[in-house]
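Subject: Structure for your files

Hello,

Here is the structure I promised to send over. My notes on it follow below.

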Amino acid sequence: ETNNAKLRNFDVVDVPDIEMRACPSSLTDQNPDNLQYRLRTRPYSEYFLPIGDTENGATEHIIHNTSNVIPREAHPEHDKWFSDQSGQGAENTQLCYTAHGDAEEFDALAERAAYVITRSLIKYPADKYPLRNIVTFTHEDNSSVMCRCEHCMAAQVKYGTQVGAAIVMANAIRAKLETWMNQPENAAYKRDNFKLVFFAYAAFVDAPAHYDEAQGKYVINHPDLQMRDDVGVFYAISNGLSYQKNLYDELSEEGVENSLKWFDISPSVYLWTYDANFGNFLFRTAGTNFYDTDAYQFFAQGNAKGLFKQSAMPGANLTSFQMLDIYLDAMMQWDTTRDINELTQKWFKAMFKDAADVMFDLYLQQNNWALIIAHETKKIAQTGIINYSIGREYWKYEMLKGWLDKIDEARALVEKYKTSDPALYKVLKEHIDIEWVCPAYYAMFYNADSFTNEKYNEMVTYFK
């Protein structure tokens with residue numbers, strides 16, 4: 001009878017809401033348990049083609065790479081290719097995207113950029129590197145040296161924003177790449193659906209678009225800005241959004257509008273967002289106020305192809321419940337209709353078992369304190385990049401002692417597994433100890449005089 005059981009042939013595809021789900025921390029690259037695979041995320045770097053003029057000694061980069069593709073010292077005869085704001089050898093040398101108004105030099109610049117990219121298409125063939133289907137031609141991380149020549153200024157007036165000239169250049173480079181890939185001798189290196197993207201970041205962040213009532217959407221400011229289907233934007237939302245309050249807070253109105261513009265005018269949008277305090281990586285931001293269902297659904301419905309949320313930098317472990325942020329980000333990018341509160345409770349139960357409630361209370365206290373710090377230091381504003389240090393006045397011993405007591409309480413709640421299930425105990429104890437690191441550090445660093453020498457030395461030893 002069992003031999004005649006009818007088995008149905010199911011063909012089910014679960015399509016994620018965000019196609020390219022990039023993990024917010026490269027910690028997962030180093031994780032021995034293949035965390036990135038279990039979370040169904042990949043490092044953003046694996047999606048992008050590394051490019052650089054290695055023939056002239058430059059290194060390959062996937063972002064902030066224009067000076068690697070077009071190193072100034074390699075082209076002394078082409079001064080018109082470079083910004084008038086950065087001299088020879090200057091750090092973060094930028095390009096002049098109009099080639100100072102010289103049509104022949106503009107074409108030569110696009111030709112050289114395309115050539116360098118083709119070297120990488122040969123070096124990283126599609127059969128060996130199938131994920132690398134995007135190449136960025138993105139300006140350096142210093143907008144103070146963007147070109148302000150008369151032709152770039154005229155382009156800004158013509159197109160409404162500085163990024164217009166970069167869009168025109170991106171179209172020109174991609175057209176040359178198409179010509180190269182369509183040549184029979186290059187058939188082995190042709191990639192279908194290969195995108196070239198530019199940065200909408202810093203000086204280039206503002207979309208060159210306006211709202212058209214008749215069409216009911218944002219449209220480009222000038223016909224020159226019509227992007228090819230194989231050109232897209234790498235939108236690094238470094239200002240306009242307040243990443244510590246809900247997406248629809250009034251402080252984020254400007255960023256929401258700019259995002260809608262890019263969503264409407266760009267065939268492909270890849271997002272770079274922020275959830276770290278670059279002046280203090282150890283402690284939490286108040287980013288959980290922003291990264292909720294509203295934010296993920298907004299990005300997904302804007303047809304974002306990829307989302308990278310830059311969080312804490314890599315290390316052996318993350319502290320301040322930052323692994324929770326990685327888990328939530330992976331889950332919400334796959335399905336933006338999920339309940340973040342339910343996922344959070346699930347994570348705490350899995351990580352801390354009997355101590356879940358105590359650790360969740362500690363988590364809430366730290367989140368609330370992050371928000372208080374942001375308010376008191378007046379850092380809740382229209383700035384995507386959070387970059388401020390937190391002084392001693394924000395780390396009173398009494399508060400930190402309360403957090404450390406919570407840790408001790410959690411340790412006591414899992415102590416019973418020490419004999420009944422040593423393997424489980426080891427895991428739970430490690431998860432709790434990781435969260436001890438942050439308050440212990442601030443307690444030792446700012447409040448050493450609150451401890452006896454013996455206790456202080458004991459904490460330092462355990463910390464190390």
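A polar atom of the Asn447 side chain lies 2.9 Å from the backbone oxygen of Trp395. A polar contact here is a pair of N or O atoms within 3.5 Å; within protein, one must be able to donate a hydrogen and the other to accept it, and residues adjacent in sequence count only if both atoms are side-chain atoms. Asn447 sits in the loop between helix H14 (422-446) and helix H15 (453-463). Its relative accessibility is 8%, so Asn447 counts as buried (under 20% relative accessible area; exposed is over 50% and partly exposed in between, with a 1.4 Å probe and protein chains only). Leaving out residues up to four places away in sequence, Asn447 touches Trp395, Lys396, Tyr397, Leu400 and Tyr442, where contact means heavy atoms within 4.5 Å.

Please keep in mind that this is a predicted model, in which local features need pLDDT of at least 70 and side-chain atom pairs count only at pLDDT 80 or more, while totals for chains, interfaces and linings use all residues. Residues are numbered from 1 along each chain as its sequence is written, and side-chain values use heavy atoms, with hydrogens and water left out.

On the whole chain: the protein has 15 helices and 8 strands. These are DSSP runs numbered from the N terminus (helices H or I, at least four residues; strands E, at least two). For 464 residues, a compact globule would have a radius of gyration near 23 Å, and the 25 Å of this protein agrees with that; the radius is taken over C-alpha atoms, and the rule is 2.2 Å times the number of residues to the power 0.38. Of the 464 residues, 52% count as buried. Among contacts with a separation of 6 or more, 75% are between residues 24 or more positions apart.

Next, the sheet. It is open, with 6 strands in the order E1-E8-E7-E6-E3-E2 and parallel pairing; two strands pair if DSSP finds at least two bridges between them. Strands E1 (20-22) and E2 (134-136) are at the edges with a single partner strand each, so one side of each has no neighbour in the sheet. From one strand to the next the twist averages 20 degrees.

E2 is joined to E3 (residues 195-200) by 3 bridges, and Val135 stands opposite Leu196. E3 pairs with E6 over 5 bridges, in the parallel sense, with Phe198 and Val233 as bridge partners. E6 and E7 are also parallel, with 4 bridges, and Ala236 is opposite Trp272 of E7. The chain goes from E6 through H7 to E7 in a right-handed β-α-β crossover, that is, clockwise from the first strand over the helix to the second with the strands pointing away from the viewer.

In E6 (231-236), 6 of its 6 residues are buried. Val231, Val233 and Tyr235 point one way, and Gly232, Phe234 and Ala236 the other. In a regular strand the side chains alternate between the two faces of the sheet.

One more site is Cys96, in the loop between helix H3 (66-69) and helix H4 (103-123). Cys96 has 0% relative accessibility and therefore counts as buried. Beyond its neighbours within four places in sequence, its contacts include Cys147, Cys149 and Cys152.

Regards

Terms used
Axes are lines fitted to C-alpha atoms, for helices over the stretch in contact, and angles run from 0 to 180 degrees between N-to-C directions.
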